[in-house]
Amino acid sequence: MRWHPIPALLTTAVLACVAFAPAMADTTGTDNQNQDTNSTGPVRLGNSPSSLRGPAAVDDMGRQSGSDDNFIEARLRNVPPVKAQAPSEFETYVSELAGIPIQRLGSDLMLPARGMTAVEANRQVPPDYVVGLGDEIQLTLWGSVDADLRLTVDRSGRIVIPRVGPVVVAGIRQADLNDLLTRRVGQVFKNFQLSATLGRLRSIRYYVTGFVARPGAYSVSSLATVMTGLAQAGGPSAAGSFRNIELRRNGQVVGHFDLYDLLVRGDKKGDLPLQADDVLHVGPVGPQIALIGSVNRPAVVELKGTETVNDAIAFVGGLSTVADTRRISIERLSDRNDRRVVELALPQDGTQRVSNGDVLRAFNGVTAMLPQAKQYKRIRVEGEVARPGDYVLPPTSTLLDAVQAAGGLTPQAYLFGTDLSRETVRKLQEVQYDRALRDLETDFTRNTSTQRVSGAEDAAALAQKQSGTTRLIERLRAVRPTGRVVLDLTDSSRDLPALPVEEGDRLYIPARPNTVGVFGSVFNGGSYLLKSGNSIEDIVKLAGGPTRGADAGSMFVLRANGSVVSARQSSSGWIGGNSLPSLAALPGDTVFVPEELNKTTFMQDAKDWTQILYQFGLGAAALKTIKN
């Protein structure tokens with residue numbers, strides 16, 4: 001048989017190519033300097049999409065990791081937020097004592113579970129983070145080699161870099177990742193720079209057991225810690241402990257977490273990172289006490305060990321600024337049947353131990369008012385004095401002392417018009433004024449409901465009267481008392497009475513006025529210049545006198561010192577038998593002529609008299625019939 005030369009040549013070429021391929025690979029792996037010298041530009045790695053994540057097996061795992069994250073996010077979106085837990089019996093009892101809602105210390109730190117994975121995934125990766133299976137590494141090279149790769153750690157703990165090969169990165173700290181990859185890539189390439197960061201992180205599954213709001217299995221980012229894992233489960237329940245939380249790993253307790261260390265002291269050392277298949281176990285709640293009253297943060301506090309009164313006060317931020325720091329009361333559970341409350345002296349008794357169910361109450365040191373004889377008075381002096389302003393006077397000071405502290409009176413001072421406003425008087429006036437308005441409203445309502453009408457006109461008039469009464473009551477409610485004290489002064493007084501001052505007093509001394517005001521049912525109300533010897537009647541005449549609808553018998557004068565003189569007092573002889581119009585007008589007087597309220601028209605009077613005569617005629621006719 002003859003052997004054809006063409007098939008023989010083809011066979012030789014194929015064998016030569018097969019033998020040449022390993023040699024090429026070996027040359028590429030060792031002769032890096034020649035490769036850099038002979039190339040016309042930087043070597044580009046991973047030009048195809050498949051090379052960005054390494055081999056197909058690694059890419060499959062990366063897609064699986066992404067799908068797990070999407071599944072977790074979808075699961076969290078369907079989980080309703082944690083509802084507020086019902087208060088325990090002890091919290092309810094303490095809230096009744098305090099008069100405000102009292103919660104356990106630390107209960108407001110528990111965040112809702114919604115979006116917890118997304119929050120953790122956006123955190124900055126710490127340097128001591130340990131790379132694990134499913135983490136994504138973003139690798140960037142520049143210089144002699146150009147690459148931008150996203151590589152996922154496969155199940156063998158490796159990433160595969162094109163033209164470099166596999167690199168084991170599982171178990172490496174994030175801070176050491178750059179050095180490891182630089183050494184490995186440096187075995188193949190020269191004259192390059194490298195940056196390796198972590199991209200999408202793996203998800204881990206952990207378990208929460210014990211006394212929690214929602215025990216079960218949860219999936220979170222690998223950056224999650226004990227605190228975030230506990231918050232995702234809703235935190236300890238009403239029967240769960242904030243201070244006895246265990247982190248269990250592979251059947252062993254590897255950490256204890258006390259929330260008070262983080263909340264009160266800012267100590268985060270117990271907030272350890274979570275790993276896959278960890279178990280968070282929340283124990284039952286320990287002994288509890290309550291702190292109420294003048295503390296910075298009233299709360300129910302959980303005890304641990306042999307903690308004292310001082311420790312409990314420190315848990316709630318100490319006593320408030322206005323608290324009485326010399327004493328505190330304690331109500332013990334063992335003595336609660338007969339409601340015994342013991343007072344402790346601070347700081348001597350601060351080292352006493354507290355026990356389950358105790359209620360500590362701090363007292364307010366400023367709400368209780370001191371006796372007047374011990375109070376320094378802060379008052380304000382205004383008007384016609386040499387130095388108007390605020391002054392602090394000794395406990396036994398009077399109005400005379402207040403004027404002297406302000407530098408004395410000016411020549412224009414008008415003592416008869418002195419206005420002394422006092423806070424205690426204002427509060428008492430408000431109570432009495434509100435009671436008088438309620439009585440007035442009741443009287444108006446009673447009179448309206450018992451009044452009879454004889455026609456449509458009377459009904460319309462009654463409705464209009466009711467509307468006017470309602471508006472009057474509303475306007476009266478808008479006027480509030482000022483707390484003015486009417487001083488016993490005359491127009492010729494030159495000194496103020498020796499009246500003791502009180503905290504918050506306001507003393508206003510006006511200048512001597514030269515006008516008198518006339519208002520109400522007069523033809524031209526206003527202020528008129530006062531002349532020597534003018535009487536009230538002379539001033540009213542300047543305003544045109546009372547109108548036709550005025551009630552002159554109810555006219556009154558408001559004096560500058562706050563006193564009132566009325567025409568009804570004059571007619572009864574209370575002011576010496578002189579009538580009001582003949583009284584001398586004083587500077588600062590205000591004359592008010594009220595409107596007649598019970599006015600009737602001629603037609604209304606005629607109807608009333610007609611009805612009376614009609615009834616009288618019927619009665620006379622009946623008597624005549626009986627006699628016959």
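Here is a short chat about some strands and helices in a predicted model.

Colleague: Before we start, what should I know about the model?
Modeller: Residues are numbered from 1 along each chain as its sequence is written, and side-chain values use heavy atoms, with hydrogens and water left out. Local features need pLDDT of at least 70, side-chain atom pairs count only at pLDDT 80 or more, and totals for chains, interfaces and linings use all residues, as this is a predicted model.

Colleague: In what order do the four strands of the open sheet come?
Modeller: Strands here are DSSP runs (E, at least two residues; helices are H or I, at least four), numbered from the N terminus. Two of them pair if DSSP finds at least two bridges between them. Strands E1 (43-44) and E6 (192-198) are the edges, each pairing on one side only. The pairing is mixed, and the order is E1-E3-E2-E6.

Colleague: Which residue in E3 stands opposite Thr140?
Modeller: E2 (residues 136-143) and E3 (residues 145-152) pair in the antiparallel sense, over six bridges. Opposite Thr140 you'll find Asp148.

Colleague: Which residue in E21 is the bridge partner of Glu382?
Modeller: E17 (residues 377-383) runs antiparallel to E18 (residues 389-393), with five bridges. E17 also runs parallel to E21 (residues 506-509), joined by four bridges. In E21, the partner of Glu382 is Tyr508.

Colleague: How far apart are the end C-alpha atoms of helix H12?
Modeller: H12 (residues 456-478) has 23 residues, so at 1.5 Å a residue it should span 33 Å. That expected span is 1.5 Å times one less than the number of residues. The model agrees, with the end C-alpha atoms apart by 34 Å.
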